[in-house]
Amino acid sequence: MSVPRDLFKDQFMTDTPPAPTDPFAPDALNAAEGLDPVDPAYSHVVRIATALNLIPLAIGASVADWLVMPRIDGPYGLVTTAAWLFALLAIVMLPARRVSRWGYKIGEGQLRVARGWLFRTDTIVPFVRVQHIDVGQGPVERLFGLSHLVVHTSGTHNSMVTLPGLRSDLAAAMRETIRRHIQTDFA
Amino acid sequence: MSEAVAVSPDLGGAQWQRLHPATLALALVKLGPRSLQFLPAVAALGFTGNWVWIVPAILAYLLIALAAACLQWMRFRFIVGDDEVVIESGVLSRQHRTIPFDRIQDVSIEQGLVSRALGIAKVGFETGAGGKENDAHLDAIGLDAAQALRTTIRAHRSAPVAAASVAAEAPAPAPVAEDRLLFAMGPRRLLVAGLFNFSLAALAVVGAGMQFFDDLLPFDFNVFDPRDWIDVAADYGLDQWVLAHRWIAGLGAAISLLFIGFASGIATMVFANWGFRLTREPRALRRTRGLTTRTDVAVPVKRVQAAIVVTGWLRKRFGWHELRLQSLASDGEKEKDHQVVPFGRLGEIDPVLGEVAIRRPDDAQAWQHSHRIVALGPIIGATAATIGGGIALYLGNDVGWLGIVAAPLVALIALWAARYHRWADVGDLVAIRRGWWKPKMTLLPHASVQSVDLKTDFILRPFGLATLVFGVPGGSSLASHEIPAIPLGVAQDLRSRILAAGLRQ
């Protein structure tokens, strides 16, 4: 744990020379913090989920544009173009970046899950604090043979810690690892 | 009631019991507010000229409601077995619920005004399952039956675990014969507490009500509109006097405001905390309080997750503080944390903290500070207010001055308050302090921490800072415990130390 921490510190402390890695390169963050990346196929899951969310919105924006702009003599087509450009960007470009920001490490009696870049959260849950574990699989995840692991703690904050993008056999193996450590300390 | 008492001690021959018959009377009382729904029907009858039908209609309504309450009462039964409570309820859809004593974390007893007159009480079972709908209750049974039931469940819970917990529960050896009084509030203390509880909230409620009912009131007069007062004064030739003595008039207004503020503060304090008693039972802290609605709540010592000492900038000068304990169960519907010392000296709070094995850092404690960047949010807000004010002035609206004057003040206060974000790692607990206007100190034992978040974002990262957020059972989901903006390396060290403490357990 101590080696990756020092690397991370060096990278962002202002008074030390910057580490040679490009902080914006995919998987640079995870490597620097000693985390394992999630399965790259998860980016397809994110992409499909984003598409299912954004395409209806873009269609709605187009229809609104078509209905409203001619009446008020506005610039017809501007909103439609912007909406579809944004949707295209979010569907094609962003999922791979977002997925590369997810990282996890299991071992030393604890599960570590990190996510995000602009707002990065790095969560550690000791196995002994886990109340129960779910392994879930949505229809899109099933297409790619992926599952997500959900760890429940009794804390009000972080009562659920979700780790998506795991190959199904790996998720099951992680569940077994954690289950062996769970103790019921409810007396 | 007599049958309930007769059955409770004899658990071997457990048999089905019903709620106290007086519950039906309570149901009738509860009908009062609900019969408002009936008003439109009465009005309709009146408008159509069918006056003769009004009384029979009301009677029929009451009869149906009473019959429904009777039916519910008849279909509700419970049984207290050797190690579980079984509750059957429901008229059309039946519900059968089994609650093992092992899963009952605490039994609460609550009495409203009518319940006290009838000698009955509502019994709630805290099962620790999230959400209100999961908590079962008996509404209502005789008070002595309720207390007997609680004793039964507590006795069961302490019996098998006591042997194991003696070693762990160092501060209080298990066999404590007498319940010790830890803290009580007399009328004098309540009065002082009420004075510090100064609040104009009641005034705001009345004011909002006046605004709301303005159109409905038969007279055209708003207490909070000075012009109305001037009109009244003019009617009596007082306007000349008021204009001549406006200082006296202003003083009178200020004094009446102060009076309302103090009176409502004292009233809320007295109603909530009359006869406050905090006692130490073998396994729990027990609190009874309330003037009209008396509550009797026990906080099991082993379930206490964190202690929170709150005060105000003024009451701190006089040495008054409030102690709350964060437990797995929540304290009623509004309050999440259990208020165990509403208003007391630190000297009175420390022994209570001792009972839950938490030690308050002394005055010599060295504190570490959060980075001043925590004031960034309010400062951005203040900047926005300044810009908004400037635009308003540019457009010729004098209100803009308000933004321009208030913004630097807000920014200054935020910067000043940022100095009060402090923390210290004291052996087996973390102490977190924040706030200048309402100073708050959270004492969080390492062993209570279930998970730790280390957060950075695009603002904190260039400064090499991180925020630690702790997952702790109980409390409000809105106010999580966190140490904002501390150096990344320090945060990582603290995180490892706290998690290591959890693993040792």
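Q: Two strands pair if DSSP finds at least two bridges between them; over how many bridges do β4 and β10 of chain B pair?
A: This is a predicted model, in which local features need pLDDT of at least 70 and side-chain atom pairs count only at pLDDT 80 or more, while totals for chains, interfaces and linings use all residues. Residues are numbered from 1 along each chain as its sequence is written, and chains are lettered from A and ligands numbered from 1 in the order in which they are written. In chain B, β4 covers residues 106-111 and β10 covers residues 294-300, with Ile109(B) standing opposite Asp296(B). The two strands are antiparallel, and the number of bridges in their pairing is three.

Q: How many helices and strands does each chain have?
A: Helices (H or I, at least four residues) and strands (E, at least two) are DSSP runs, numbered from the N terminus. Chain A runs α-α-β-α-α-α-β-β-β-β-α-β-β-α from its N terminus on. That comes to seven helices and seven strands in chain A, while chain B has 16 helices and 20 strands.

Q: What share of the residues is buried in chain A and in chain B?
A: Buried means 20 or more other C-beta atoms (placed from the backbone) within 10 Å of a residue's own, exposed 12 or fewer, and partly exposed in between. Among contacts with a separation of 6 or more, residues 24 or more positions apart account for 55% in chain A and for 55% in chain B. Chain A has 187 residues, with a buried share of 29%; chain B has 505 residues, with a buried share of 29%.

Q: Which element gives the most residues to the side of chain A that touches chain B?
A: Across this interface, 27 residues of chain A are in contact with 29 residues of chain B. Two elements of chain A give two or more residues to its side, namely α1 (2-12) and β4 (119-126). With eight residues, the element that gives the most is β4(A).

Q: Which strand of chain B is joined to β4(A) by six bridges?
A: β4(A) belongs to an open sheet of seven strands with antiparallel pairing, in the order β1(A)-β2(A)-β3(A)-β4(A)-β18(B)-β19(B)-β20(B). The edge strands of that sheet are β1 (36-37) of chain A and β20 (481-487) of chain B. The partner of β4(A) runs antiparallel to it, covers residues 451-457 and is β18(B).

Q: Which residue stands opposite Pro37(A) in β2(A)?
A: Pro37(A) lies in the edge strand β1 (36-37) of chain A. β1(A) pairs with β2 (103-107) of chain A in the antiparallel sense over two bridges. The residue opposite Pro37(A) is Gly103(A).

Q: Which residue in the hairpin of β6(A) and β7(A) takes a positive phi?
A: β6 (146-153) and β7 (160-167) of chain A run antiparallel and are joined by six bridges. His152(A) of this pair stands opposite Met160(A). Six residues lie between the strands, and the one with a positive phi, near 65°, is Asn158(A).

Q: Is Pro75(A) buried or exposed?
A: Pro75(A) sits in the loop between α3 (42-72) and α4 (78-92) of chain A. Its C-alpha atom is separated by 31 Å from that of Arg47(A), 28 residues apart along the chain. Because there are 9 other C-beta atoms within 10 Å, Pro75(A) is exposed.

Q: At what angle do the axes of α14(B) and α15(B) cross?
A: In chain B, α14 covers residues 376-394 and α15 covers residues 400-418. Residues making the contact include Ala382(B), Ala385(B) and Gly389(B) of α14(B), and Ile404(B), Ala407(B) and Ala411(B) of α15(B). The axes come within 7 Å and cross at roughly 165°.

Notes
Contact = placed C-beta atoms within 7 Å. Pairing = 2+ DSSP bridges. Axes fitted to C-alpha atoms, helices over the stretch in contact; angles between N-to-C directions.
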